[in-house]
Amino acid sequence: MNASTTAADQAPPKRRYRGSAVEERRALRRQQLIDAAIRVYGENGYRHSGVKQVCDAAGLTQRYFYESFAHSDELLIACYEQAARWMREDNMAAAQAAGKDPVMRSRAMLRAFFQALKENPTIGRLLLIEIRGISPAVDQAIEKALKATSDDIARVLARPGIPFDELLQAGILGGVIHIALHWMASGYSTPVDVVTDTALKLGVSLLDDNE
């Protein structure tokens, strides 16, 4: 084996390495923008926050914004999808840890939801307040996230082979959201467990209908 062959074997092609590094940096900058925007939108409101504010919070120049997003609505959707996914994962983990009883699972999911809203008010504002009425594309993202939440609920609470009534499930999910909005507007004045037990009255009606 000659020296030139040994060197080639030891080092990957430079062009491939550069491409990978560029993509990694771009993905990192995109995530920085999403994380910063969640804070900015949650604190100031989406309609009162511009690209420059988000970029300043992320520590990036505005040219990097347009590297990842065509406009602010795209960034808002990315923020919403990330926050909604995190919330669903948290709720599902709580349900799984609660055992097999549907009522206990339902309560665990609700408590995790309300606790997360209280501990992360910027995310709560983004998910439930700032996201509404922006654009058809944003509305589609909301509907997609609500459908994923409904699917999660059915997966952990419905009896095998007996699906939930979709209309009733949609009504209960909407009711839980309105309880959350009222609670947030009050400054989270009611204890989490009390809010949870109030919302559970709606959840139990869905379980009763599934028996």
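## Residue classes and basis of the report

In this report Ala, Val, Leu, Ile, Met, Phe, Trp, Tyr, Cys and Pro count as nonpolar, Asp, Glu, Lys and Arg as charged, and the others, Gly among them, as polar. The structure is a predicted model, in which local features need pLDDT of at least 70 and side-chain atom pairs count only at pLDDT 80 or more, while totals for chains, interfaces and linings use all residues. Residues are numbered from 1 along each chain as its sequence is written, and side-chain values use heavy atoms, with hydrogens and water left out.

## The largest pocket

A pocket is an open set of points, on a 1 Å grid over the protein atoms alone, where a 1.4 Å probe fits, with protein on both sides within 12 Å along at least five of seven lines; lining residues have an atom within 4 Å of a point. Grid points are joined across faces, edges and corners, and a volume is the space filled by probe spheres set on the points.

The largest pocket holds about 620 Å³ of space. Its lining consists of 30 residues, of which Asn91, Phe113, Thr149, Leu173 and Ile177 are the closest to its centre. Two or more lining residues come from each of α5 (72-97), α6 (102-119), α7 (121-130), α8 (136-157), α9 (166-185) and α10 (192-209); helices are DSSP runs (H or I, at least four residues), numbered from the N terminus. By class, the lining has 21 nonpolar, 6 polar and 3 charged residues.

## The second largest pocket

The second largest pocket has a volume of about 350 Å³. Among its 14 lining residues, Lys147, Ser150, Glu166, Gln169 and Ala170 are the closest to the centre. Helices α8 and α9 each contribute at least two residues to this lining, which divides into 7 nonpolar, 3 polar and 4 charged residues.

Buried residues (under 20% relative accessible area, 1.4 Å probe, protein chains only) of α8 include Val138, Ala141, Ile142 and Ala145.

Asp152 also lies in α8 and is buried, with a relative accessible area of 10%. Beyond residues up to four places away in sequence, Asp152 touches Arg88 and Met92, where contact means heavy atoms within 4.5 Å.

Key. Buried < 20%, exposed > 50% of the residue type's maximum accessible area, 1.4 Å probe, protein only.
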